[in-house]
Amino acid sequence: MFWLFAVALTIVAVILGFAPLWRRKPDAVSHADHDFDLTVYRNQLSELDADHARGVVSGAEYEQARVEVARRIVAAEDAVTKAQAASSGAANNRFVLPAFALLFVPVLSGLFYVELGSPGLDAQPLAARLNAVDPDGPSEEIRLLVERAEEHLRVNPSDVRGWDVLGP
């Protein structure tokens with residue numbers, strides 16, 4: 001029963017811990033938006049060519065505007081390429097880390113439990129554990145210090161600092 005409960009808790013912990021990785025991340029700008037941007041920029045180029053042919057835009061202004069629109073087209077195409085690469089890479093690796101964790105965490109925990117833990121041991125109350133650490137109680141030095149502080153407080157009962165020191 002214990003092992004079933006431990007396995008169930010491990011699976012729940014991994015699912016909750018890695019749930020954000022499994023959700024599909026919404027792209028800030030979708031592929032359709034990038035296509036729309038590219039269409040707009042290409043239309044701007046054709047309108048710019050038409051304006052230059054009619055003589056509305058001079059040669060220097062035409063070149064500057066053409067370079068700017070071309071730069072925007074290149075940036076939009078790069079954004080499409082990066083979005084496609086990111087979505088394909090993320091889709092492939094989305095389940096690798098959680099699957100690894102789902103296997104690795106219980107195996108590592110089990111190894112530590114087998115090595116360090118033992119459910120067959122008797123319970124050890126706090127008092128027994130504290131006495132096991134220092135079975136003789138406080139050292140002689142500490143006893144002398146406490147006796148001096150008590151004597152000082154008998155002589156000076158209004159010494160607040162002395163009570164603060166001796167109280168704990």
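Is Phe 104 buried, partly exposed or exposed? I looked up its relative accessibility: at 42%, Phe 104 counts as partly exposed. Buried means under 20% relative accessible area, exposed over 50%, and partly exposed in between (1.4 Å probe, protein chains only).

I noted the ground rules. This is a predicted model, where local features need pLDDT of at least 70, side-chain atom pairs count only at pLDDT 80 or more, and totals for chains, interfaces and linings use all residues. Residues are numbered from 1 along each chain as its sequence is written, and side-chain values use heavy atoms, with hydrogens and water left out.

Next I searched for aromatic pairs (ring centres of Phe, Tyr or Trp, its six-membered ring, within 6.5 Å; stacked under 30 degrees between planes, edge-to-face over 60, the rest tilted). The whole structure gave one. Phe 100 and Phe 104 are stacked, 5.2 Å centre to centre with 10 degrees between the planes. Both lie in helix 4, four residues apart, about one turn of the helix. I take helices as DSSP runs (H or I, at least four residues), numbered from the N terminus.

Then I turned to Leu 21. I found Leu 21 in helix 1 (residues 2-22). Leu 21 is partly exposed, with a relative accessible area of 37%.

Six residues make it up: Leu 38, Tyr 41, Leu 45, Val 69, Ile 73 and Ala 76.

Key: Helices (H or I, at least four residues) and strands (E, at least two) are DSSP runs, numbered from the N terminus. A nonpolar core is a set of buried Ala, Val, Leu, Ile, Met, Phe, Trp, Tyr and Cys residues joined through side-chain atoms within 4.5 Å.
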